[in-house]
Amino acid sequence: MKRFTLLAIYLLAFLLIGMNGIAYSQFTPGNLVVYRVGDGVNALANTGNAVFLDEYTTAGVFVQSVAMPTAVTGSNQPLVAAGNASSEGLMTRSADGQYLVMAGYAATLPNATNLTSSASATTPRVIGVVNAAGVINTTTALTDASTGSNPRGACSTDGISLWIDGGAGGARYAPLGATVSTQLSTTPTNLRGLNVFGGQLYTSSASGAFRLATIGTGAPTTSGQTTTNLPGFPTSGGSPYGFCFFDLDASVPGVDVVYIADDGGTIQKYSLVAGSWVANGTIAVAVVRSITGSATGTSVTLYAS
């Protein structure tokens with residue numbers, strides 16, 4: 001069985017080389033990369049399934065598949081996912097455009113432990129980075145992130161400064177290769193998507209009065225940050241997961257449009273008007289959790305899964 005959980009547009013071309021020295025074909029600029037859970041043979045299970053990065057053209061034509069590690073190789077840890085946890089796998093592209101960033105568990109397959117409920121001290125939560133030199137790096141295995149729940153979103157500005165969140169423990173910062181992290185904010189701690197746009201760290205949630213929010217100012221690395229719901233954005237209802245911001249209006253400083261994947265069955269658009277985010281249309285879709293896109297001028301093309 002397979003589960004396709006997340007999507008990131010990949011606008012770079014580079015050679016992808018696995019830890020075992022296998023050289024994969026070069027990613028094609030403008031193609032899509034999807035985080036896939038499951039190898040199509042073994043049943044999806046809470047004890048873990050292999051993760052693959054699948055490349056597609058924007059017309060949906062399959063190009064290649066790159067396997068993430070399922071065992072320790074040198075300093076690299078496994079990166080697997082829970083086959084029954086559809087909120088995992090919110091992969092992103094780093095703010096500088098040079099890396100794919102994703103989260104998973106450092107569990108060697110086959111595994112007998114329920115991953116989602118496991119303690120991160122015994123089953124670390126891994127941030128995987130695929131860099132522009134073509135190296136898969138899974139050395140960041142955190143013993144204090146999302147313990148007792150699942151890791152969900154992961155992002156980076158430059159492939160070295162990393163952020164992760166999940167169903168517990170809130171958003172956390174860690175440098176590449178770390179084993180412990182810094183919790184940025186204590187409210188809320190149940191988070192979903194995580195990404196940096198325009199130099200600002202954002203998260204999505206359906207916890208309390210938070211739906212789409214900033215964490216601190218800029219891309220924070222220290223504790224004591226405040227999570228703030230975007231002005232004008234709903235504080236109840238809805239079920240947001242992935243999101244992508246764009247700067248489409250030259251008269252508005254910074255990002256001014258955001259698209260949100262809401263698993264209630266819509267892609268939602270909000271526009272920044274006089275400092276407040278205003279609903280500006282929806283697209284009805286089947287259950288959707290991840291979204292990405294590209295902009296040419298004021299024209300946006302979206303891809304969702």
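Modeller: Asn 111 sits in the loop between strand 7 and strand 8 (125–130). Strands are DSSP runs of E with at least two residues, helices are runs of H or I with at least four residues, and both are numbered from the N terminus. The model is predicted, so local features need pLDDT of at least 70 and side-chain atom pairs count only at pLDDT 80 or more, while totals for chains, interfaces and linings use all residues. Residues are numbered from 1 along each chain as its sequence is written, and side-chain values use heavy atoms, with hydrogens and water left out.

Colleague: Why is Asn 111 called partly exposed?

Modeller: Its relative accessible area is 22%. Buried means under 20%, exposed means over 50%, and partly exposed is the range in between, with a 1.4 Å probe and protein chains only. The value for Asn 111 therefore falls in the middle class. In space, the C-alpha of Asn 111 is 20 Å from that of Ala 145, which is 34 residues apart from it in sequence.

Colleague: What makes the peptide bond from Leu 109 to Pro 110 cis?

Modeller: Its omega is near 0°. Pro 110 belongs to the loop between strand 7 and strand 8. Most peptide bonds are trans, and most residues other than glycine have a negative phi.

Colleague: How many aromatic pairs does a search of the whole structure find?

Modeller: The search finds nine aromatic pairs. One of them is Phe 197 with Phe 245, whose ring centres are 5.4 Å apart and whose planes meet at 50°, so the pair is tilted. Phe 197 in strand 14 (residues 194–197) and Phe 245 in strand 18 (residues 240–246) are 48 residues apart, and the pair links distant parts of the chain.

Colleague: What is the rule that makes a pair tilted?

Modeller: Rings of Phe, Tyr and Trp (its six-membered ring) pair if their centres lie within 6.5 Å; planes under 30 degrees apart count as stacked, over 60 as edge-to-face and the rest as tilted. Phe 197 counts as buried because its relative accessibility is 17%, and Phe 245 does so at 5%. Phe 233 and Tyr 270 form another tilted pair, 4.4 Å centre to centre with 45° between the planes. Phe 233 lies in the loop between strand 17 (227–229) and strand 18, and Tyr 270 in strand 20 (residues 266–273), so this pair ties together parts that are 37 residues apart in sequence. Phe 233 is buried at 7%, as is Tyr 270 at 9%.

Colleague: Which residues form one aromatic cluster?

Modeller: The cluster consists of Phe 197, Tyr 202, Phe 243, Phe 245 and Trp 277.

Colleague: How many helices and strands does the protein have, and why is it called as compact as a globular protein of that length?

Modeller: There are zero helices and 23 strands. The radius of gyration is 18 Å, close to the 19 Å that the globule rule gives for 305 residues, so the protein is as compact as a globular protein of that length. The radius is taken over C-alpha atoms, and the rule is 2.2 Å times the number of residues to the power 0.38. Buried residues make up 55% of the 305 residues.
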